Amino acid sequence: MPHVVTQPCCGDASCVFACPVNCIHPTPDEPDFATAEMVYIDPVSCVDCGACVKACPVGAIKPHTKLGDDELVFLELNALFHADSDAGNGLESATRRAQAPVPPVVRVPEGTALDVAIVGAGPAALYAADELLKQHGVRVTVLDRLPTPHGLVRAGVAPDHQHTKDIGKLFAKIEAQPGFEYRLGVEVGSDVTHDELLASHDAVVYATGAPADRQVGVPGEELPGTATATEVVAWYNGHPDHVEAPLDLSAERVVVVGNGNVALDVARVVLSEPDELARTDIADHALSALRASAVREVVLVARRGPAQAAFTVPEMVGLLQHPDIDVVVEQRELLDGDDQKSALLRDGSVPAIDPTRRRVVLRFLAAPEAVVGEHAVEGLRVVRTALETRPDGTVVAVPTGECEVIETTSVLRSVGYRSTPIPGVPFDPALHRIPNVAGRVLAQPAGDLLPRTYVVGWAKRGPTGFIGTNKSCSLETVNALLADVATGRIAPAGRARPVLTDGASMDRADWLLLDAHERRAGREQGRPRRKVVDRLTMVDVVRSARAAR
């Protein structure tokens, strides 16, 4: 009875190191780990011990006999990954892949007292805090400009993906460790400077992510009616900066440029039955707006074909199995390929539009040329493309000159993310990230190491990987930091802590009060939580909770 990794996989890789027979791959030290959509269990090598189940932070692993009908596809996906590998093809153990190595952890001298500030409170920040707090005598202060922590887990994961949000339970364990503290609602660059953080801490780690969207680069992109998929995600997840609906819900069609996981999330949430969403932690204002929505169709526009689609197989599996939404690929001839994504769409999509059903339409081989409209969006003009393979094997889309206009009043872009500069911190404007070597920040233009300054997550490596990818990324940076302590590049000095609060910021105790309030309000309606989305209301909730003690 092999175990199976299913859709909620976060890529944390805790299961990899828990497995006693090395049947879960790719491992963090293997080249394909950074680009893998999930990890996979070899059904031949699995001995059904269940160690991976206990290690998984999001409950993504199940015995194959307990898979639901909508999860059976993952049994095949796990087996297919290992079909041509040495992990499960019956070879002698000596020729199989080497056991995943135990992640190295640098140790600092006994008695060392270390005070570290981490800027950002998302997964990369909390994984870094966890690694630091494994050392004796370390204190970690996690700062974030928002009054709530957990970054994209709170504000980016779709509300109907509650299994993925379960990683918040792991974060709660990290936060509960001795030496951990929050300073939420504090923005580096305005409330406190980089130099002030360095003066009051032995090291500063930036985990600020990639909060800005990339431009498509076509005329009309700034017309009213254009927005980003990220803004829509932030809106329905209750981000305090995005309480107004960024898209027109009064029309029947929304067009999204891009077909990655975020584009699929937006399409699925916008088209889902509101009564189903009402069982999640979707923001109240978004739920109310979606109840009145007229949207029946979301068109995802992509320059290339199905084989090159940006979505992951697990994400598309979830959409294809959605009971209320059809997935339509009108260009059926494009699905004849033998690649996994083409086969998945060939078997799971419908060939034609059913006007009685809500639908996601995948429009391949269509490059955006301009957002059209005089005073607001009236459509997206696309030029049809043909695929060419370069000598290096790269598949590119070449415009054919044949154009069409897709009528719509809402155009969303979902073509990737970029980091933004932080005052006082080096920034590479070409790569859109903080310049670094293995997490050590580089000064510019000389390229020397910036003293006691480090970076993790998307701000370090760019917007790649999944939630759990930040675990190995953070370990690399923390090991660099600890090595600098061990070799004397950082000399812990017992620096005086600055005043980082103006009465509106929140610490860990405040967050726990707000978290309890949201969960309690959610339980009253049969939901995981009801989010408070207004900053001042958050402060009032915390003050009231304190007064009631």
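Trainee: How many bridges join strand β11 to β12, and do the two run parallel or antiparallel?
Mentor: This is a predicted model, in which local features need pLDDT of at least 70 and side-chain atom pairs count only at pLDDT 80 or more, while totals for chains, interfaces and linings use all residues. Residues are numbered from 1 along each chain as its sequence is written, and side-chain values use heavy atoms, with hydrogens and water left out. Strands (E, at least two residues) and helices (H or I, at least four) are DSSP runs numbered from the N terminus, and two strands pair if DSSP finds at least two bridges between them. For β11 (residues 253–257) and β12, the bridge partner of V254 in β12 is V298, and the answer is five bridges, parallel.

Trainee: Which residue of β14 is the bridge partner of V301?
Mentor: Strand β12 (residues 297–301) is also joined to β14 (residues 358–363), by five bridges in a parallel arrangement. Within β14, the partner of V301 is R363.

Trainee: Which residue of β14 is the bridge partner of V328 in β13?
Mentor: Strand β13 (residues 325–328) is covered on both faces, with I325 and V327 buried on one side and D326 and V328 buried on the other. Four bridges join β13 to β14, and these strands run parallel. The partner of V328 in β14 is V361.

Trainee: Which strands stand at the edges of the open sheet of seven strands?
Mentor: The order of this sheet is β7-β6-β5-β8-β22-β21-β20, and its pairing is mixed. Two strands have a single partner strand each, so one side of each is left without a neighbour in the sheet, and these are β7 (180–184) and β20 (436–437).

Trainee: In β6, what is the bridge partner of D115?
Mentor: Strand β5 (residues 114–119) is joined to β6 (residues 138–144) by six bridges, and the two run parallel. The partner of D115 in β6 is R139.

Trainee: How many residues apart in sequence are the parts that the pair of Y127 and F171 ties together?
Mentor: Rings of Phe, Tyr and Trp (its six-membered ring) pair if their centres lie within 6.5 Å, with planes under 30 degrees apart counted as stacked, over 60 as edge-to-face and the rest as tilted. The structure holds four aromatic pairs, and that of Y127 and F171 is edge-to-face, at 6.2 Å centre to centre and 85° between the planes. Y127 counts as buried at 3% relative accessibility, and F171 is buried at 0%. Because Y127 lies in helix α4 (residues 123–132) and F171 in helix α7, the parts tied together are apart in sequence by 44 residues.

Trainee: What is the angle between the planes of F180 and Y182?
Mentor: F180 and Y182 are both buried. They form an edge-to-face pair, 4.9 Å centre to centre, and the angle between the planes is 90°.

Trainee: Which helix gives the most to the lining of the second largest pocket?
Mentor: On a 1 Å grid over the protein atoms alone, a pocket is an open set of points with protein on both sides within 12 Å along at least five of seven lines, and lining residues have an atom within 4 Å of a point. Of the 20 lining residues, the closest to the centre are K165, G168, D515, R519 and R529. The helices α5 (151–155), α6 (162–165), α7 (167–175) and α17 (508–523) each supply at least two lining residues. With five residues, the helix that gives the most is α17.

Trainee: How far is C473 from the nearest cysteine sulfur?
Mentor: A disulfide is a pair of cysteine sulfur atoms within 2.5 Å, and the structure holds zero of them. C473 counts as buried, at 8% relative accessibility. C473 is in no disulfide, and the nearest cysteine sulfur, that of C10, lies at a distance of 15 Å.

Key
On a 1 Å grid over the protein atoms alone, a cavity is a set of points where a 1.4 Å probe fits but cannot get out, and a pocket is an open set with protein on both sides within 12 Å along at least five of seven lines; lining residues have an atom within 4 Å of a point. Buried means under 20% relative accessible area, exposed over 50%, partly exposed in between (1.4 Å probe, protein chains only).
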